[in-house]
Amino acid sequence: MVHYVPENLPTSIKHYIGGEFVDSISGKTFDVLDPVSNENYATAAAGQSEDIDRAVAAAKDAFDNGPWPRMLPRARARVLGRIADAVEAQDSRLAELETFDSGLPITQALGQAQRAAENFRFFADLIVAQADDAYKVPGRQVNYVNRKPKGVAGLITPWNTPFMLESWKLAPALASGCTVVLKPAEFTPLSASLWAGIFEEAGLPKGVFNLVNGIGEEAGDALVKHPDVPLISFTGESRTGQIIFGNCAANLKGMSMELGGKSPAVVFADADLDAAIDSTLFGVFSLNGERCTAGSRILVERSIYDEFCERYAARAKNIRVGDPHDPKTEVGALVHPEHYDKVMSYVEIGKTEGRLLAGGGRPEGLDTGNYVAPTVFADVKPDARIFQEEIFGPVVAITPFDSDEEALELANGVKYGLAAYVWTSDLTRAHTFVQSIDAGMVWLNSHNVRDLRTPFGGVKASGLGHEGGYRSIDFYTDQQAVHITL
Ligand code: NAD
């Protein structure tokens, strides 16, 4: 198979601190693989605590002494608008880099820049339109809210759609007037370096954005524990979130946690079955199944169960797995051999826990690279590990149910609560059912389209706090109450 390698790839990936690309002070690096050849194509600077100290010092200086936190919202919004334009202009370059680094199919990587740009435009609009509370007690008092950026924000991000998820934190943090230190995921450090050029071109003052690459337990840990970083916005696994939560406690930091999921898609017999099948296939096999909101458990009403399973498996078998850069590819290569091993171990566990309907291993003809055939297990019991645990790959568990009550019990019977999808043509049932479902976000007869003003976040082990709209601005700002006696 021909493996496409983008032109002008860097062979070394550096930090970006105080407006300059720099190596680690210690000179330490780590290897970066591409998921098709699994060969090192670059080394990245492995940030240690002294690199984090340097980045936090630059961010703190920009916050304490620079213009960014003190600019009028309109002036900051102009810079954010220029950032959005510069991001959008990078779409095809960004897509080829993301595809090369993460194994995401190129057709799905294209458009990520537009989504990232939209995040900047949205928060630019929001800060200009921002209104804060003011109250008058006639003849006695005036009270108003003085909103202030919190300081240096620590942003820690995962490897799935890395650039887009970075924008999801960078845009509101910068819009709010914070300065930032970003620690991107070590599996996919390639695209984060694009931010430096984009921000320079847009006129973001030096030191406002800082980037430190590195391993989570080293660079990430140092950022979390740094006393001059009052807030941490984290997206990643629930287990990592627990560790970070504990480490933030010493300094009582503000935390936003977007964590793992095992989201149910509930398909009632009265659903539009064609649409439900299309959507539930998309829900777990798009983005290689490496999607936090993946509908990785499909609960199907018994009377349509056999038909659903048969049609679903036939479609899953036809999904085209292949080189991520091939525009015909629908499922590419999983991000890293370690993650591939994890997903494959669940495929083997699944063979003892459910009835294999499709996939079940490496696709034929793809002998190297992190390829997993779209895998479907039916008759999966709720105590099965593949029902309970996040796999984060192209693997789905299907389970039948007989009543609305049983569907709800199955839907809620896991530790996670990120997203849920409900398919029914009965409006009353739909609204009643979603009231009781343990999920931060529910899609009714639809999937993954959302208005940027709505809250994004999970309940139970899927997260803490919300991002989205003014909730993100609330996270990155303090609201000081000022009381005046008349
Ligand atoms: P991860 O938890 O392994 O790593 C995420 C980030 O945390 C990386 O940058 C990593 O280097 C860093 N990190 C690891 N240990 C750390 C520590 N002790 N201190 C500080 N930082 C540390 O997650 P991942 O494997 O990169 O991403 C996949 C996970 O992310 C899945 O569980 C997925 O569901 C979740 N996710 C959630 C959302 C959401 O919005 N809820 C979105 C995308 C991904």
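Is threonine 161 buried or exposed, and how many other C-beta atoms lie within 10 Å?

Author: Two remarks on the source come first. The model is a predicted one, in which local features need pLDDT of at least 70 and side-chain atom pairs count only at pLDDT 80 or more, while totals for chains, interfaces and linings use all residues. Residues are numbered from 1 along each chain as its sequence is written.

Threonine 161 is buried, because 25 other C-beta atoms lie within 10 Å. The term applies when 20 or more other C-beta atoms lie within 10 Å of a residue's own; a residue with 12 or fewer is exposed, one in between is partly exposed, and C-beta atoms are placed from the backbone. Threonine 161 belongs to the loop between strand E8 (152-156) and helix H6 (162-175). Such helices (H or I, at least four residues) and strands (E, at least two) are DSSP runs, numbered from the N terminus. The backbone of threonine 161 has a phi near 40°, a positive value in a residue other than glycine. Most residues other than glycine have a negative phi.

Axes here are lines fitted to C-alpha atoms, for helices over the stretch in contact, and angles run from 0 to 180 degrees between N-to-C directions. On the H5 side the contact includes Phe120, Phe123 and Leu126, and on the H6 side it includes Phe163, Met164 and Trp168. Two residues are in contact if their C-beta atoms, placed from the backbone, lie within 7 Å. The residues of this contact divide into 12 nonpolar, 3 polar and 1 charged. In this count Ala, Val, Leu, Ile, Met, Phe, Trp, Tyr, Cys and Pro are nonpolar, Asp, Glu, Lys and Arg are charged, and the others, Gly among them, are polar.

H5 also meets helix H3 (residues 91-102): their axes come within 8 Å and cross at roughly 115°. Asp91, Leu94, Ala95 and Glu98 of H3 form this contact with Gln112, Ala113 and Gln114 of H5. By class, the residues of the contact are 3 nonpolar, 2 polar and 2 charged.

Phenylalanine 392, in the loop between helix H13 (385-388) and strand E17 (395-401), has a phi near 65°. Phenylalanine 392 is buried, because 26 other C-beta atoms lie within 10 Å.

Two loop positions between strand E15 (355-358) and strand E16 (375-378) show a contrast. Proline 374 is found in that loop and is buried, with 27 other C-beta atoms within 10 Å. The contacts of proline 374, leaving aside residues up to four places away in sequence, are Phe285, Ala316, Ile319, Val331, Ala358, Gly359 and Pro394. Glycine 365 is found in the loop between E15 and E16 as well, yet glycine 365 counts as exposed because it has 9 C-beta neighbours inside 10 Å. Between the C-alpha atoms of glycine 365 and glycine 322, 43 residues apart in sequence, the distance is 9.5 Å.

Finally, the record. UniProt, in an unreviewed entry, places the feature "active site" at Glu258; its positions are given in the numbering used here, feature names are shortened, and annotations may be inferred rather than shown by experiment. Glutamate 258 lies in strand E12 (residues 254-258) and is buried, with 27 other C-beta atoms within 10 Å. Beyond residues up to four places away in sequence, glutamate 258 touches Thr235, Gly457, Gly463 and Glu467. The UniProt annotation "domain: Aldehyde dehydrogenase", also from an unreviewed entry, covers residues 21-482. That span is 41% helix and 20% strand, with its end C-alpha atoms 42 Å apart.
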